[in-house]
Every structure is written in C-alpha cells, then in structure tokens.
Amino acid sequence: MLAYIIRRLLYAIPILIGVNLITFILFFVVNSPQDIARAHLGEKYVTQDAIDHWVKEKGYDNPLIYNPNAAGFSKFTDTIFFHKSLSLFTFDFGQADDGRDITTDVRTRMGPSLALAIPTFIVGIWVNICVALIIVMFRGTRLDKAAVVLFVTLMSISGLFYIIGGQYLVATLWKLVPISGYQTSLSAWKFLILPVAIGIVSGIGLGARWYRTLFLEAADQDFARTARAKGVSELAVLFRHVLPNALLPILTGVVVVIPTLFMGSLLMEAFFGIPGLGSYMLDAIRAQDFAIVRTMVFVGSVLYIIGLILTDISYTIADPRVRLN
Amino acid sequence: MDNSAPVLSVENLSVCVNNPQQDPILRNVSFQLNPGEIFALVGESGSGKSVTSLAAIRLLPDALKVTQGKVLFDGADLFHSTEREMTAVRGNRVAMIFQEALTSLNPVQKVGVQIEEALLLHTQLNARARREKIIDLLSEVGLPHPETRIDWYPHQLSGGQQQRVMIAIALACEPDILIADEPTTALDVTIQKQVLNLIRTLARTRQLAVLLITHDMGVVRETAQRVGVMLRGEIIEEGNCEQIFRHPQQEYTRRLIASLPNQDNFLPSEQPDHLLTIKGLKVHFPLRKGILQRIHVWTKAVDDIDLHIGRGETLALVGESGCGKTTTGRAILRLDQITSGTISYNNQHIHKLSRRGMLPLRRRIQVIFQDPYSSMNPRMTVQRIIEEGMVSLKMDLSHEQREARVIELLERVKLEPEHRFRYPHEFSGGQRQRIAIARALAVSPELIICDEPTSALDVSTRAEVLSLLQELQNELGVSYLFITHDLSIIPQLAHRVAVMKDGKIVETGATEDVLTKPRQNYTRELLSAVPRCQE
Amino acid sequence: MPVIGMRAANQFIRSLGVTLLLAGCSGPWNDPNEPEKPGETVYYGSYSSRLQHLDPARSYSAEEALFIDQIYESPLRYHFLKRPYVLEPALADSMPSVRYLDKELQSVSAQSPDLAFSLYTITLKPDVFYQPHPAFAQKSDGVPLYLFETKEASQHFKTLSDFPVSGKRLLKAEDFIYGIKRLADPANKSPLLGFLSNYIDGMSEFSQTVKDVPRDQWLDLRKFSLGGINVVDERTFTIRIKGKYPQFLYWLAMHFFAPIPWEADRFYHNPGFQKRNLTLDWHPVGTGAFMMTQNDPNKGITLERNPNYWFDPYPSEGAELDREQGLLEDAGKPMPFIDRATFRLEKESLPQWSKFMQGWYDRSGDDTHNISSDNFDRAFVVSGSGIDLSPDMKQRGINISTEIKPSIYYYGFNMLDPVVGGYSEKKQKLRQAITIAWNMEEFLEIFTNGRGQAAMGPIPPGIPGYKEGKAGINPYIYNWVNGQPERKSIDEAKRLLAEAGYPNGRDAETGKPLVLYLDTTGGSSGPVADWRRRQLENIGVQLEYRTSDYVRFKEKIRDGNTQLFGWGWLADYPDPENFLFLLDSAQTSGNCKCDGNNSTNYENPEFDKLFRQIKVMPDSPQRIALLDKAIDLVRRDNPWIWGYHTKEYYLNNSWVYNTKRHGIAQDTLKYLRIDTKQRRQLQREWNKPVIWPLITIAVICLLIVLPAVIAYRRRQNMRVSSVQERED
Amino acid sequence: MDMMLKPVILWTDVLIWLLVISITLFLSQLRKNPESREQWHQVFSSRTGMVTFVIILSYIAIALIDSLHFRKALPPVPGQNTTYYSNTVNSVLDIFLGEMGETKERTYSAPFSLKSYAKENMTDESGHIYRDYPDLKYAGSHLSDNSDFSKDLLIQSLKGAGKGLFIGLLLCALLKVFTHRQDLPWSSAMVTILLVCTLLGWLLHVGNLYHVLGTDKAGNDTLYHSIKGIRTGVLIGTLATLIMMPIAITLGICAGYFKGWVDDVVQYLYTTLSSIPGILLIAAAILQFQVFIDLNPDFFEVGLEKADARFLGLCFILGITSWAGLCRLLRAETLKISQLPYVQAAHAFGVSQVGILHRHVLPNVMHIILITFVLDFSGLVLAEAVLSYIGVGVDSTMPSWGNMINLARTEMSREPVVWWNLIGAFAFMFTLVLAANLFSDLVNDAFNPKKRQERGA
C-alpha cells in the first residue's frame, strides 16, 4: 500500500507540471506581463518606470518559457514559467500581485470555507442516503415513482433559484437568520445555517436520485436475496446488506470531493458574503491575479489527486475484495 | 415427525407476470416434500423451476405475482401469513442455497458474521455459543480450518468453499426444508461431486427435506429420490427417480435423458499426419509490483506443453477452469503473446510471424467461442458477420459470390438463407452457435479451435450442435481442437484427449484409453466426478 | 427506516428548538454583528470592495481612503461643515506660509519673472502623539524591543496583537520628510511619484539615487537627502516647489503627505514579517483619531479610538442650515465620539441594503450609498420640487445626507479620430448633434432616478467657474425656455447632422450609414447599453460597442485608438484647474509620453493659453472671466458628450448624528455620534422573526414521514392477496 | 440592386445546423439496427418519452429558426450605389415574433399591465408637474379605451389560441399521415403538440399586443428575451458536448484499444485536465478569450459576432471540462469490448486495427456517447446560468436565461418586488431542463446495458 501511494504521488508530479503549464499558457498567451502590471498599478498617473519596476520586482522580466539568452540548462530555468510555477512544488506560493502573502491568505480563508462546506457535505450525504433508502424500500410502488419525479423536478431547478429564493424568504422576509456575513467565533453558525440548508436542499434531487439507483442495484443482487431467505426483515436487509455494498460506488463519487471541500463553494460564498477560498478565487479571477489563480489551480489539483488516492484507500477499507496494486 | 407425512406441499401454484397479456410463468404446479428425501425439479432454462422455489417462500421479484395456489407448511398456508410471520419461517424452518455462491454472499461481510446473522434472528444463543455453533457448522459442511476461516471474507474462499458456507448458513437454524437452486452449476466437476455428496449426507442425517433444482439429468440421477420434470411452467412428469429414468412417460423426458451423452462408444483414434504441432509452449503473464512497477512474478498460464493435432482429427483439451486450456487456444491463434516454445502448422513455424505474416494462416485456423451472446457484434447483420472474414482475408470474391457463399453456409449449418438479414440478438443460443460455426467455415479453414462451444447451451441444443460439428468434420475433413471442461461429451466427439492441469498436460492419449484406463490420479478424479446415467 | 426518519425529525426539531432558545436569549436572531462590550459605543459600517493598499504613499482610491484618512493625518484638512470647501490646519499649527525664490534660492516677489521656486514652511502642532504601536516599544536602554535578526526569531509573532508591548511617540517634523521620501522611493510604488516629481524640487534625483541602492531589508531613507524638503526644527519643515503652484496646499490635505515614523517602516521590514502580511500596507500607523486593530478578510476591519489622539474639538461654525439640522450641537466637545467602528466587506449592495433596513448598519453605506435604482422608490418619493424621503423611511426616522462630489462623467470623442475628431465646423456640428441626441436628462431619470445633474461644461457645481441659471447653460446644446434649460430638439440635432454631412445618419455622398463605436469595459448589453443605442437611433446613427477589459481600454485610450468612450473624473481638490487640465494639450498621451489625462486628445492652442493663465491665478473675478472664455471654447469644440455630475444621497438611521458628507475629504468618522440605546430598541422592534414557516416546515416533514411509516407497516402485514380474494 | 436581406452566418449557426443534420443522419443510421430501433421504441413507448420529446423538439425548433440570422438593408438614399445593412442582426425567429422585440417601453412594467411600474414626473395640461404611473407606449396601444382591456384580452387570447390550435391540428394531421406504428402513444404526442402550439399561438398573438411577462428595467419585453434565450440554452447544451466529442471519442477509444503508451498519454491528459478545478479553468479561459476578442475587433463585423465568438469559446471550454469524463468512460468500455469474443474473432479473421475500431468498437460504444450527450444536456443548461452569474458565461449582449437571472437578482429586493424576469427565465429554463432530464432518464434506461439487465431480471 505504501508503495502504491508513493507511486501515485510520483505520478502526480507530471500531472501538476501539466496543470501549471495549462494555467500558464492561459494567462500569458494573450496577456503580457506589462498588461498585468498596468492592471495592478491603478488608474491615475502610471509611468513606464513604475511598470518596469513592478515587472522586475514580481520577476516577470524573464522570457516566458524558453530563454535563448541563457546558457545551457538555464535556457529553461531562467524563465517566468520555471520560477513562478515550479516553485509551487515546494508549497512556496509567494506573494499575490497586490503584495499579500498567499499562503497566509489561503490559510485564513480555509476556515470559513470548511465551516460551510463540511456541514453541507456531511449532512447532505446523510440526508440523501436516508431519503434514498426510504424510497428504495418502496421500490416499484407509486410512492417510488412520485419520488423520482420529485427528484428530477428538484434537480431541474437551477441552484441560483434555491439561493435567491432561500435568501429572500428566510433572511429578508422571515428574518430568521442574518442575510449574509461571517464571524470566526462560534456564533458563525447563524450565518452558516441558511447556506448549509440551501446547499442540502438543492443537492437532494441529484444525490438522492443517484443513491436510489445505487441502492436499487444493490437491493436486486443475489446477496440481498440470500439475506431475505435467511429471514432478515426488509429494513435490516437495506441497512445491513444493501447500504454497505452501495456505499462502495458512493465512495468513488464522494471521497474524491472531500479534499476539494477546502476550495469552498463559489456561489454560496459569493451570495452569503462568506470570506472563504471560493470568493478569494472569484476575486482573483476578476482581478486577473495570476499568482493567486496559479496557486489555487495548483492547490485544487493537489487536492484532487489526494482525493483520488484517498478514494483508492477508502476502497480497500470498505471493500475487502479490493487490494491496491 | 412421521416419515411419510409431507413437510411442505405445493398445490396448484400459478404465477404470472404483472402484465396480464403474457402467458403465466407457472401453471398449476403441485408437489410435496418429505423429510429426509431429496426431490429434484429438473428442466431447461426458463422452464420455471427457480420461480417455483422462490414463490414457495414468497421471495418472488416484484414483477411476478402469485395468481393462485397454496403452499402448506406445517399445515398452514404460507400465502396467508403476513410478511412479518414469513421472516420467522425463512431461514429458520425453510432455508435456501443459490447457484452463484460468490454473489449470493455479502462481499463486505465476513463469513462468520453472515452465518451469525441467521442465528441472531432465530435463536437465543449468546455470543460465545454462537461462535461455537458457527465453527461446528463450518466443520460440518467440510470447511477446513473453520476457526480461522470464520473471519475470512467470501472472496478469499474457493468456489466450493463458498457454496459450503452457503449451506452452513442454510443449516444454521436447523431447518426442516432446504431449497437448493442449481447449487453446483457454477462449480467444477470434482467440487460438484463433493457438494452433492454433502447435501445427500445432510438429508439423511438431519432428516432434511431437500428441493433440488437443476438442469442436469446426471445430477438428478446421482442425488435425487424423486423427480419432477418441468416444461414451460408445468410439471409434466413426476415420480420415483429409478422409475423415471427407466420408463420415462413423456417424450420430453425421454429427450432429456437421451441427451446425456453415451459414454460407452468411443471414436477410434487414428494417427494421421500432424497438422499442428506444439512444442514446449509457454505463455506467462507478468505481475507488476512496487513503486516502479517492476515485473515481480510471472503467472504461468501455460507452462511447457507439447501437443499435436492430426488432419481431420479432433483433439479434446480438458481440464478445470483456470488450467490454461483457453490460453493454449488463444496462443495458437496468436491472440496472446507466446513466451517461448514453438507452434508449427504444416511444418511452418507460426509463432514468430508478424501480424501481417499471420494473415494467410488465419484462413487455415479458425475459432468458435464459448459465449454465443458476446461472440458476435450485435450491431452487424448475420451476412456481414459471416462475410467479414472473407473480406478481410482477401478471398477476392465479388459481392454476389459472397452472398451466395453466405447462403450456402447458412444452409450448411441448418439455418434459413433469409436469416442473413437479421441481427444476432434475434436468434436463440443454439442458432447463434451455428452462425458462429458458419462464420468459422466461411474461410474454409483446416483447423477450428472450439473453445467450450456448448457449455452455455441447454442439453438438448448441445447435442444438436455437437452432431453438427461432427457432421462437418466427416464432410469437410476439418480438424478440431476441442477445449472443454465437460468430460461427458468427449467420447462421441474426440479422437484423442489431452488432460490439462495448472498449465501442464498431465495425460494424453486416445480417448478410449484415457477415459477407461486413466493413468493419472487427476484424470481418475475428474472421471469419477462425472454424473452418469448408466451405472 | 421510517422509525429512524422519525427519530431524526424529532432530533431535528429538538435541536432547532435549542438553537431558537439560544438565539432568543441574545436579541434578534438575524443579528450579524458581534456582541458589544458593555458601555462601548460601536459604529457599524461597510465597504464594498476588497482593499488592496492601506499605505498612504500608495493608495489612491476612495474606498481605501475611507480607512486611511481616519488613521493618518496630513498637515492640512478640509473643514467638516463649511461649504464651499475650506482648508484648515490639521497637524500643522497654522496654514503654511509661502515664499517665492529665484534660481539662486533668493526671495523674490510673487510676480517676479525670475520666480523659480515656491517655499512652503509648515509648523506642527505641539504634543501630537502617534497611536500606541509595538514599533515604538523600547527596551530600557532605548533599543527597539522588536527588532529581529532572522525569520526564525520572529516566528511567534503572527499578528500585531501578538506583540505584548507597545510604545508611544511624539510626532516630529522629520516624519513628514520621511513620508515624502517614501513617496519618492520607487520601491513603494506611489502613484504620485511621477506627478510630484514635476513639482517638488529634487524628488526625481532622489528616486534615481535610491532606486539603485542595493537593499536587503529596510533601507533607511533618512540617510539620503532630498533637496527640496528640509527640517528647520523639531516642529518645522519646508517644502520647495518648482515654480508657482497654488493648488499645492490642497495636496497637503491628502494622505500622501501624512507623516510616517521611520520606526514603523523599520519594524515592518523585520525579517519574515512580509510573509505574514505584517506590512505597512496592511497595518497603518498614524496620529489620527482612530487606529486599526483588526484587518482580517473574515472579520472585516475594526478601528478603535486612538488613546493618544490630540485634543480636537468638534467645529463650532458651519455652513448655513447646519445649525438648524443639529450639526453644531456637539460644538467644542472633544472628538471622536465613538469607541470602535467595525466595517464589513459587502461586495453586493443588496445584502448591505437589507441589513441597513433591518438596522444592522448605521448608514446605507460608507464608501458607496448603496441605493440602487431598484431600492430608490422604496426610499424616496420624487416630487416636482425634488427628492424627499418616502413615508416609510420617515416613519423609521431615517434621514438623508446629500453628497455632491466634484466630479463629472462624460463620453469623450477621440479628437484624433477621422470620423468624429477634428476641429472643422462640420466636425463640431457632428459632435454637437450627437451630444444633443444623447439625452442625459432621460438617462438620469431612468437610471439614477434623477440623482445627478446634467453637465453644462467641464466644471461641476461647487467649484469656482460653475454658474447657475441662464448664464450657466451650454448654448450649443440647450435653450433657455421658461426659466429652465431645455435640451435642443432631435430635429435640431438632425439638422446639425445633415450640415455635418450625414443627412439622416447616412453619408451624404455614398449613403453609407454612420456607425459609431463606443469603447467600454462594461460589456455591451443591459439596459444602459440599450438606452445608448436608442439615443443615436433617434438621429439615424448606429452605435456599436467595442468591449474590453480595463487594461485594454486604458491602452486604447493611451494609443488614441478609440472613437467614443465613457469616462469620468473625480477631482483631487476643489479647483477648476483640476478639471480643465483634462483638456490641456500637454496632458495628451502623445505629448507627455505617459498615461495622459487628456484622454480625448483635445488640442486647442487658444484653450492651452487660457489654461496656463488660469492655473497659477488665485481665485478672483479675473480668473472667472478667463474661465468663462475657456469653457466657451470647449463647449463649441464639444470634445465631450457632456455627461452629468453625481449627486448622491446617503441614508442614516435615526440614531446617527453629525452625518454630513464631505465631497472630498473622508476623515469624517471622528465627527460621528451614535445613540446606542435608541439603536438597540429599534433593532429589536424591526427584527421580530417570523416563526410560522419553521413550524410549517416541521409539519410538512412529519406529513411526509408519516405515510412512509404507515406504508411500511402495511408492507410488513402484507399477504399474498390474490389468493386470498379467491378463497374468501 | 442587391438583396434586401444579407444573411449573417455565425459560427454557432453553422455548427448547430451541421449538428442537426449529422444527428438526423446518425439516428436514421441507428434505426437500421433492430436493436437500437427497439431501444428507441422503448423510449417512445412511454407517455413521458413522447411528451418530453415533443417539448424538447419544440425548443430545438425555436433554437434552429433563431439560428438563421440576417441583416436588413437600410432604405436606399439618393446617390447610393451599394446597399448598406443595418447593424442589428435579426433572425428568422424575429419574423415570427413580430414586433415583440421592438416594442420597448421606458422601464419596468408588470405582466399585462397598461401602465409603467415606476412613477414618472409628468406635466398636466395646466403645466403642473405631478408624479404618476405613465401609460405604456406599446402595450395596449391598440385600445381606444383602457377599460376595454379585459374584454380585449379575452378576445385576443381566443384569437391567438385559435390560430395556434389550427396549426397544431395541421401538424397532428401530418403526424397521423406519416406514422404507421400503432403501438406508440401518439395521442400523448398530439395532445402535447396541440398544447404547445396553442400556447405559442397565444403568446405570439397576445405578446404582440401586451407584455405577457412584463418588461425589464430597460423596457424590453421579458417574454421576447425568454424566447430568445432558448437558442442560447439549447446550443450550449448541445454544442458544448459535441465540439469536443470527436477528440474524446478518438482518444478514449485509442487508449482503451491500443493500451500501452497511448493509454498512458491519454490518461495523463485527462487526469491533468480533470484535476484543474473546473470553474477556475472555465473562468480563466473565458476571461482570456474575451481579451483575445477585444484585441482583435477586426475579425468581427457586427457586435453579435463577438458575442458569438465568446459563446463558441464557452462551448469549447465547457466541452473540455466535460471531455475527461466521457474519455474515461469510453476508455473503460473499449477495454472491456476489446476483450469480447467478437473482437477476438475479428482478430482471428485478420481484420485490420482500423477495421476493428470502426466496425466493432465504435458502434458498440455509441450508446455511451448518446447517454453522455443527453445526460450532460441539462447540466450544461444549468451551468450556463451559474457561469453567467459569475460573469464568465455568455456575452451579456446575448439573450440568455443566465443573464436574465443575473439582472433579476437585484429586482428581488426591490420594493415592490419585480418577479416576472426571474419567473420568465425560470419557467422557460425549468421546462427545458425538466423535459431533458426526464427524457435522458428514459434514454439511459433504454440504452444502458446495465439498466436493461435489471429490467430483464
């Protein structure tokens, strides 16, 4: 297993280089460092000197990917790409284009993102599983059909409507929770309860429907029949036999998401004014802050790869048949 | 309990699909189970034997519905019980085992836990007593080292052991009735024999009433005391086992019995010139491991075998699953990479030929696969399937010529010319296997590798396909490499037999010699496991 | 399962009950503010975009000034109440004195042709102290307490609050010098470096020198001298300006000239501090009424009363009506009146507005008014005579502060463009025709609900040179009808267009339709874009949009690659020079080889001559006369579609006092007073939660679970039915 | 002289028409195989299948006629020797919609309202200024007296619905003539057709007289915008998947079939792409693409072409983000198929690699492609709305539901609330997505072998 994990981590290196290359190309194929400098230096009284200085200070004065003037191997190392992207591998994110230290920012903003994402994620899965199990118990009946139609209807509604509607009703009209905002203390819960609830409700359609098919698949399998033949009641069949088996495919979809929870939810954070990584990214994209976008893409990719590895590991734990190789 | 009084009697049971337009699946099925007696329900696939058993303990899938009948158990009609009352019957008084032991066991639970569940539901034993009971059960069904195996997962056990665990689950609460639904179909012959013996012993010692469901008349003959023959949802004949086999009343029963291969007449073994010669063939697959994915071990699928097939001769390659017989066939066809050894066809070495160099020989060597459902592209018409070889092997035929040849071939394998416009899924298994034969014949090969061509077919169809193969051999003089696990069909078919085990040939010789005077223990074991009609 | 579902529902309801109980104890449920300490007066405010810089040398935006100006003070400031805007001494003891010098630095008279420099002498107030700050903390021997050799030594100090000891320090003249040197140091990226180098003697030389000095951590700028600024004594310093620049006094009221204690600069250059965002750019150190105690993207920004703040009494005189409006009630009392101010980032106006209406924010906005046209009708009623609060607002006791910023929004014609540019009469008519068609009054009516005033020329109201009434109208665009300016008719515009060579919007010779291109950054759709298109459609001209991001847009303007573009100017100081220079030919990108401010590339020698005279004149009737001439020139040339001057209405909750908005200065927090008792009471009154939906949801959940339970029961009791029927 | 109309061919127009043609060809090809015919039969034998299909088809039809663009010629003036064209691009749909797109009021008005939603300063005869709700310029302008409103609405509704019903009946008659199979629920199809036609007839007729869904802030008809949003929705749902499909198919199949280094490279590619957070990739790419468009204004003659280029870019990048999933599925399926006996048999017959890929592998992974296509459709429509909200969606000049929602957001806190823009976008989007979801479920049920097994058991 250790060997497997090490191999997967080694395999991650070329992937991360590729990821960096893609973001790099995206940002520099149309934008020159000079443009970025101008965007950051503000509106009034900008001089060429200031731009040059900015470019030099941020290390954008080298060629992009290939440096014909340098000697030997440094043809590739004396470039913006090498300095800017590959230094990420040491988890040294450097400064944002506005001078803030990215690592510190990412660390402080992770908290709110997680505070929102983790409850949504865990309660969401719990609710989806419960709903799906109830429905599966009534498979083939009218209740099942009605529920499927309801799920499809729920998932046909854009997430934006859930958010706009929920915020309007609960916060503005009924004054049950603050409209938006965040506090780092324990009292954060009152800011989070609404977005979490909306996140869960908007996910039920898709999640419960998916889980339902997984449970149905498992419930039709031979071992469920064996269990019934043993005299196990329907409820126990679902919980003791169907659920653990259906958890395996659920794991693939779910575990890979866990690390990316750190990245936060763009929409929720934007609507509810939660200062997490989601809104951090949105701001960076809008401000074209390459340093932050590059970092977030890198962090996102790393988390995704960790998610893949975690998925495999959780598989070996959940399914005794699977062994990593 | 009185021996003669039935424990379970099924009366006039009818089942139909929820959709009322379709024919009922079961019609007025009635039978009785007596304690200590094994009652076999026999019939081909789709005859309704499994549905009968499931209906009896009310485990029918949602799509099926009981329309009439009674199931009397202990004098009470099970159809009158509530679902909750049924749970007290199932597993406790009536237990069941199924065909596929692997899928029927919960893959993520330890076997001990799965047995324990039944005990928890139906007994008041405490944890320690339960564990002892489980170990007892496991040793009773003949699982070695039950103390450790109790904590194993199903996939860690072999197929036979899994089926033994299933039986242990079924026996856990000492039921009155055991329903065994094709318990041995998925097992190798040697294991099949052991499991059947176990069931027989248990029926005797525990006074169990066993309902044995099977398609194999051989199994019936060996195991059951009474037999019911099912055809299209009805029991057409019922009676004592001896009686049925001696004096079958129904035409269909007679056919079933007759389809059991005759094992007294053997084909004579000639010694014609060698068409295909294999020397020291090895096919090894690498297993990679570690950080750098180095090759650590080789799986030796085929390990140094010698074989030869004569012109117009049939060589049967027999062995249990995983012994490397299929890989041998694939190696000859160059579908798998050969590790070492030589294969020569007509004295021409073919093991070193490139993909292109192999092309001329592809016309000579053809293949028929086991599964008639997946061996044809579902998106192509029969015409295109059959002519594909002619086109790609550049037989230089015009469109009309090809069509004529396809018609000819279809007629040759006893299908209609019109069938060429149809798609594979419109045919039954037997018909498809005929199309596969026609496809192989299309390029006029000299050697056909038949990889278990009949094992997926019902017994009656199996006989037809086999006789067609023989007919073709007589007519066209093709040679067959006949790969099979079923020893019972060999006498009529093969001139010579090679027995394979763990990638090696353990015994080879003329069919009669090998089957009647086996030299190796393994061959003897195989032979003794084959259920026979005539003793 | 349903059993479990039930249990879950029970749990849910119970936990909900608990939370409700908890919430019930501590006031309204939807209170987004953190609990206050007893007896403390807290102001709740908001800001609308993430702050980039809080370094007074670097920041040049209104949102940032909202904070910087509370913390830093400059030698001068604007009087809080008086209008028109008046400068008064802040850190300076009195208004600076000015002397004129020739090249040899000998005094000359103001009118002398040898005049080469102006020398400003500034004397400071005595006993002004900086806010407490760890940078000033000293060991007993006078050595700074927090000075580290390596990153590792300082790694326990993650935030400013981790430094237990802070010190106090007297303001000295050298701090101003240090501050100006920081402006000149290119490392600080001050946006004013280029501009001020034109004026302050020796500044560009200084930055050349400093630029090339190798620096590891902190560069002690005191070691380098900047010729034009000198310390006279501990409380006095002088600044030498090239030539005459009377507007320089206004610059002295901006935060660029705030004093910077060198200790702070050194402190923030400790090794490893930058990595933890411990920088002057993020944690200001000033002498102002407030100090920043928290700057956290999660919690927002907190300002606290500076305990060392000098005695600064509330002004006792103001503009007319100020007394009636109660703005002089606190006269003479020492400021500030609040202990703490928390500002939260509200990126969108919507939640901000709702929270204001719920009473959680004291004002509708701090850096923006947040009254979108969607909320406008809720807040205001517009009558013929003007804007008034809606009855609902009045009932809540909300009051208005009006802010007229010295600003102008306009659409510029690129005077270099072959179609719309040029100075011939035809081209003038073309531009005038377009300007007439561009109905600004309608724009203001639809999109700003009349908040704003259509511009008659480049000078906004409140600035010398602006004229009310008939004398002030732009005669090329408006007629004076019934005592009111009235935009000339579309027919008139069409006539002008025809005279310009485009009858009905088609080229008189080829018939080719006239298509104009508007460069925007905002995208080419939405209501405003539609509206613009329709304005030109009225005279048969087609409008196309060329959208781009801000960088490209600036680049296009710099390269003169535009045709028509929307632009605006917010004055740095209340002087007409600050507007007219936008049309000065020296300010075109081509002439100044920089990002010129004359974005239309307007070049009229006659205007230039007038401008140079106006620039150095003090306010006087003669100056107004010259201004009139200059304004008439540009009105005829019409290089801009005269847009509008904003007029913004900020709303204040009834418990906030002294809320007068200053169009230019932002250092107004210290004047603010709050009645916390009234606030608490109204907040409770306005935020009674509606509970029935919660109960309904709970009931619905039950209603869903119940049939499931029943159905499961039935399933458990199910028998094989059809058989039964037959037998029964 | 020249034509009165100048066709404007947008990239997406070309693509969508190509797409429709190729899908039609593909389906007719598919019909030849009885197995897939039966699968389609299964899809359509349920009422839901028929109804949703008709609904989707009407959306597609509207999107298609909205994808035929042209510019009207400007009226000639003396001395003009070439025709000049208006810079507003219209589509054939605009002809059907009549004046709906041109009846612009000043600002908000409620559905069916005759008065504006905002008060304005007005002057009465005596020159006295007062503030009230002004009459709308277009809505109900045919009425001589506003009190006739309800009567007129009823009459006009009947007229419009009648027209629609008539066309619906015609279509049903055509359907009757051309359909042979009796075992399909044609009646549901016909009922749906009649309903859709009646509704459309009513909307078109009444929509030209009143603002059925009110107007937005700039006075544009909300109904018009919602209908114009259909093209954006349908195109993004289809083009995004299809643009990238050839690459996904080629790479996926090659990886699964050739294994070895080809497999390694393809796996590397899709792992890399899918490890980038999707939203960042889309946002970054769209922003950069916009910069590119802005830098090269010469490529585009009219504004719509710029919007179209951005739209195409969006489809592309959405395609890339969903590409990895399809590629992975295809690779897995090909791995499975290449082990199947019929592929082995083809090897034994010496069929060339290309032949095997083309004849044996590709046709047997088609169902995956089809299922991916229908399943992705609704997700993409929903994604458009979210992306437009974030500001990296379609160009804000393009009428799209996402842009409508984006604008409508602030209207929710308006007092009194303006709800019709949100509801308009919601209704049109919800209907499409719901129909697509239901339909894709059926397609999935019919074509997914796993599901088929379940049903068989």
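Residues are numbered from 1 along each chain as its sequence is written, while chains are lettered from A and ligands numbered from 1 in the order in which they are written. Because the model is predicted, local features need pLDDT of at least 70 and side-chain atom pairs count only at pLDDT 80 or more, whereas totals for chains, interfaces and linings use all residues, and side-chain values use heavy atoms, with hydrogens and water left out.

The size of an interface is often given as the accessible area lost when the parts come together. In the table, contact means heavy atoms within 4.5 Å, and buried area is the accessible area (1.4 Å probe) that two parts lose on being put together, summed over both.

| Interface | Residues in contact | Buried area | Share on carbon and sulfur atoms |
|---|---|---|---|
| chain A and chain D | 39 residues of chain A, 44 residues of chain D | about 3,800 Å² | 74% |
| chain A and chain C | 60 residues of chain A, 66 residues of chain C | about 5,700 Å² | 53% |

Between chain A and chain D the rule finds one salt bridge (a side-chain nitrogen of Lys or Arg within 4 Å of a carboxyl oxygen of Asp or Glu), and A:R209 forms a salt bridge with D:D441, their closest N and O atoms lying 2.4 Å apart. The side of chain A that touches chain D takes its largest share, eight residues, from α1(A) (helices are DSSP runs of H or I with at least four residues, strands are runs of E with at least two, and both are numbered from the N terminus). By class, this side has 26 nonpolar, 10 polar and three charged residues, where Ala, Val, Leu, Ile, Met, Phe, Trp, Tyr, Cys and Pro count as nonpolar, Asp, Glu, Lys and Arg as charged, and the others, Gly among them, as polar.

Across the interface of chain A and chain C the rule finds two salt bridges, and C:K347 meets A:D283 in a salt bridge at 3.5 Å, N to O. Here the largest share of the side of chain A that touches chain C, 11 residues, comes from α6(A), and this side holds 28 nonpolar, 16 polar and 16 charged residues.

**A residue of chain B**

B:T314 lies in strand β13 of chain B, residues 314–318, and is buried (under 20% relative accessible area, with a 1.4 Å probe and protein chains only), its own value being 1%. Leaving aside residues up to four places away in sequence, B:T314 touches several residues, including B:Q473, B:Y480 and B:F482.

Technical notes:
Buried < 20%, exposed > 50% of the residue type's maximum accessible area, 1.4 Å probe, protein only.
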